Amino acid sequence: MSTAEEHLATRRAAGLFDFSFMGLYEFQGRPPVQTRDLNAVAPGQIAYTLLLKDDGAVLIDATVWRLDADRFWLFTGRRGRYGGRDRSGEFAILALQGPASGRILAKLIGADAIRGLRYFHFLQSKRMIVGRIGFSGELGYELLVPAADVPGLRHRLLHVGAGDGLRECSWAAADSLRIESGYVLFDREVDGQANPRELGLERLVSDRRVFEVKKELAGLEILDEQAPATLPAANVTSECFSPTLGKTIALGFAHSSPGSLARLADGRTARVATLPFYDPERRRPRAAPL
């Protein structure tokens with residue numbers, strides 16, 4: 001199956017991705033290194049957060065899972081030294097994403113559990129932890145099991161999901177899905193220089209500090225023409241052909257307003273677009289799962 005077919009299978013039905021490369025760090029007490037006010041995060045809830053450098057630039061984005069009153073998990077897309085107890089690799093992480101994902105997962109943990117699990121919350125079902133989050137812009141779940149259990153879980157999911165169109169998918173499909181959905185990625189948009197305001201993520205910083213804006217994250221629609229030298233510059237950070245939209249799109253930094261043209265570093269022309277490209281009001285991840 002091609003990357004485009006995997007992408008469209010996830011948009012239309014469901015895709016299964018392996019995210020076991022992620023870093024996991026456990027904290028007894030609130031993680032000191034992230035930007036959210038965790039007083040507002042209840043046990044069983046997940047918060048999207050940022051880790052900042054001393055100069056205010058974003059080092060990496062992450063999620064915090066509150067296990068109980070005093071215990072937290074911090075997940076990052078890249079392993080590193082972020083404090084806490086490093087538990088990376090203890091769990092395998094499968095991401096089940098797409099409009100059919102709730103129906104498929106209900107066959108394993110029950111319809112009542114799926115209906116009761118809210119967006120950015122998690123539950124435990126026997127040896128599996130299920131978080132209702134994702135990167136695809138669709139309804140989705142991340143499934144954590146002990147690493148030794150992942151072959152069995154993958155087999156069960158593919159078996160019960162076959163009739164619903166579930167397909168095993170690659171990182172390339174995950175990347176094009178998240179670009180359509182306007183989600184940033186470490187080492188791309190999160191380049192160690194951009195601050196939360198420049199990334200459009202200032203809402204995740206609870207201490208109300210002020211960030212200088214030298215560039216702004218934007219969508220870019222790549223046009224098949226050379227750009228005049230007089231156009232303002234834009235810098236591409238992530239690019240793909242969008243199977244959903246049928247055109248080449250990108251995330252990047254620009255100084256122009258949506259609808260205006262910009263010149264890329266390789267001389268191509270791009271039209272600045274509002275993010276996200278797909279599902280502008282981001283309703284699909286919050287949709288009823290069944």
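**Reading a sheet and a helix crossing**

An open sheet of five strands has the order β3-β4-β5-β2-β6, with antiparallel pairing. This is a predicted model, in which local features need pLDDT of at least 70 and side-chain atom pairs count only at pLDDT 80 or more, while totals for chains, interfaces and linings use all residues. Residues are numbered from 1 along each chain as its sequence is written, and side-chain values use heavy atoms, with hydrogens and water left out.

Visitor: What makes β3 and β6 edge strands?

Guide: β3 (46–52) and β6 (85–86) each pair on one side only. Strands here are DSSP runs of E with at least two residues, and helices are runs of H or I with at least four, numbered from the N terminus.

Visitor: How do you know that β4 and β5 pair?

Guide: Two strands pair if DSSP finds at least two bridges between them, and five bridges join β4 (residues 58–66) to β5 (residues 71–76), so the two antiparallel strands meet that definition.

Visitor: Why are α1 and α5 called oblique to each other?

Guide: Their angle is about 55 degrees, with the axes 8 Å apart; the axes are lines fitted to C-alpha atoms over the stretch in contact, and angles run from 0 to 180 degrees between N-to-C directions. Angles under 35 degrees count as roughly parallel, over 145 as roughly antiparallel, 65 to 115 as roughly perpendicular and the rest as oblique, and α1 and α5 are therefore oblique.

Visitor: Which residues of α1 meet α5?

Guide: With contact meaning heavy atoms within 4.5 Å, Thr3, Glu6, His7, Thr10 and Arg11 in α1 meet Ala172, Ala173, Ser176, Leu177 and Glu180 in α5.
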